[in-house]
Amino acid sequence: MAPRPDDGLREDRRVLIAAAHRTSWRRVSQAGSVPAPYRSYADHVAHDPKEYTPPGRR
């Protein structure tokens, strides 16, 4: 099974997945959100999620 974020994380799951892709679920969970070095990338994903969604899942 794939790693999962802590249930207590409140951000958009798509944004958390994008951050975890850049770092790891462990770091996202430890930070309780998107870690600071990945915030800019996560903001791009949050701004236009369709651009980052695979075809067939839009």
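## Contacts and ground rules

Two residues are in contact when they have heavy atoms within 4.5 Å of each other. With that in hand, meet Leu16: setting aside its neighbours within four places in sequence, Leu16 is in contact with Leu9, Glu11, Trp25, Val28, Ser33 and Val34.

What you see above is a predicted model, in which local features need pLDDT of at least 70 and side-chain atom pairs count only at pLDDT 80 or more, while totals for chains, interfaces and linings use all residues. Residues are numbered from 1 along each chain as its sequence is written, and side-chain values use heavy atoms, with hydrogens and water left out.

## The overall layout

The chain has three helices and zero strands, and from the N terminus on its elements run α-α-α. Helices (H or I, at least four residues) and strands (E, at least two) are DSSP runs, numbered from the N terminus.

Of the 58 residues of the chain, 31% count as buried. Buried means under 20% relative accessible area, exposed means over 50%, and partly exposed lies in between, using a 1.4 Å probe and protein chains only. The accessible surface of the chain comes to about 4,600 Å², and 48% of that belongs to carbon and sulfur atoms; such areas come from the Shrake-Rupley method with a 1.4 Å probe, and for residues only the protein chains shown count as cover. Among contacts between residues at least 6 apart in sequence, 22% join residues at least 24 apart.

## The nonpolar core

In soluble globular proteins, nonpolar side chains tend to be buried together. Here, the largest nonpolar core is made up of nine residues: Leu9, Val15, Leu16, Ala19, Ala20, Trp25, Val28, Val34 and Ala42. A nonpolar core is a set of buried Ala, Val, Leu, Ile, Met, Phe, Trp, Tyr and Cys residues joined through side-chain atoms within 4.5 Å. Helix H1 (13-22) and helix H2 (25-31) each supply at least two residues of this core, and H1 gives the most, with four residues.

Ala19 lies in helix H1 and is buried, with a relative accessible area of 0%. Not counting residues up to four places away in sequence, Ala19 touches Ser24, Val28 and Val34. Ala19 and Pro37 are 18 residues apart in sequence and 9.6 Å apart in space, C-alpha to C-alpha.

Ala20 also lies in helix H1 and is buried, with a relative accessible area of 10%. Leaving out residues up to four places away in sequence, Ala20 touches Trp25 and Val28. From C-alpha to C-alpha, Ala20 and Val34 are 8.1 Å apart in space, and they are 14 residues apart in sequence.

## Helix H3 and Tyr41

In helix H3 (residues 39-47), Tyr41, Ala42 and Val45 are buried. Seen down the axis of H3, its buried residues fall within an arc of 100 degrees (the arc of the directions from the helix axis to the C-beta atoms), so they line one face of the helix. The buried residues of H3 pack against H1.

Tyr41 touches Ala18, Arg22 and Tyr52, not counting residues up to four places away in sequence. Tyr41 and Ala18 are 23 residues apart in sequence and 8.1 Å apart in space, C-alpha to C-alpha. The charged end of Arg22 sits over the ring of Tyr41, 3.7 Å from its centre. A charge sits over a ring if NZ of Lys or CZ of Arg is within 6 Å of the ring centre and within 35 degrees of the ring normal.
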